[in-house]
Amino acid sequence: MIHLLHLDDDPLFLFRCSQAFRGSAHVAHVHYHTTHTADDFFLKLKSVKPQAILLDLSFGGSALKGLEVLSQVRASGCTTPVIIMSALGASEIILQCVRAGATDFLSKGLDEGELTFRIGRILNALNSNADESSSAKSLPLHVTGRCLSEIQQRLQRVLRAPIRSVLVTGESGTGKEMVADILHSLLQSGTPFVSVNCAALS
């Protein structure tokens with residue numbers, strides 16, 4: 001049984017999620033807990049000890065309040081996987097979340113069926129990662145419609161492969177720089193990272 005703790009100040013959205021989780025086979029193994037404020041969240045975080053956290057990005061009158069809460073969670077030493085949920089989906093916002101320690105990012109615009117399917121798939125992937133060798137590194141990823149487990153497998157193969165160069169391809173706005181940033185964060189400490197705007201070069 002996975003204990004999932006959800007922080008969101010929208011009672012209607014929490015009710016939707018509760019109803020969706022209750023009637024979905026995708027998350028039948030989840031015990032769902034909800035909180036409305038940051039203070040209540042941190043109290044429940046200690047008592048529930050969840051295996052995963054759903055965190056609204058914008059609540060309490062602040063567009064990025066979720067990032068503050070996430071930073072406090074990570075500063076406390078808590079390594080519980082955190083899934084950020086938001087109606088904002090700009091790549092810059094997603095990259096901020098990943099850099100702050102988010103494990104995944106989901107849109108709040110998903111319908112109930114897609115929501116439970118995506119969360120169920122993420123939790124299954126997290127369980128799979130937990131069963132791997134303790135030497136395997138955990139990858140902070142977000143969901144963009146592609147299979148999370150497939151992306152994880154590819155990046156793990158990259159990390160284990162005896163190669164010196166990696167080419168990340170994709171259309172504009174698909175997250176190439178974010179993937180490069182994630183890979184860099186998993187390399188040995190001190191490895192340089194240089195971002196070059198090729199379009200600006202003559």
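1. The model is predicted: local features need pLDDT of at least 70, side-chain atom pairs count only at pLDDT 80 or more, and totals for chains, interfaces and linings use all residues. Residues are numbered from 1 along each chain as its sequence is written, and side-chain values use heavy atoms, leaving out hydrogens and water.

2. Strand β4 spans residues 82-86 (strands are DSSP runs of E, at least two residues, and helices runs of H or I, at least four, numbered from the N terminus). Because 5 of its 5 residues are buried, β4 is largely enclosed by the rest of the structure (buried is under 20% relative accessible area, exposed over 50%, partly exposed in between, with a 1.4 Å probe and protein chains only). V82, I84 and S86 point one way from the strand, while I83 and M85 point the other way.

3. β4 pairs in the parallel sense with β3 (residues 52-56) over 4 bridges, and likewise in the parallel sense with β5 (residues 104-107) over 4 bridges (pairing requires at least two DSSP bridges between two strands). M85 stands opposite D56 and also opposite L106 in β5.

4. I163 lies in the loop between α6 (148-160) and α7 (176-185). Its relative accessibility is 47%, so I163 counts as partly exposed.
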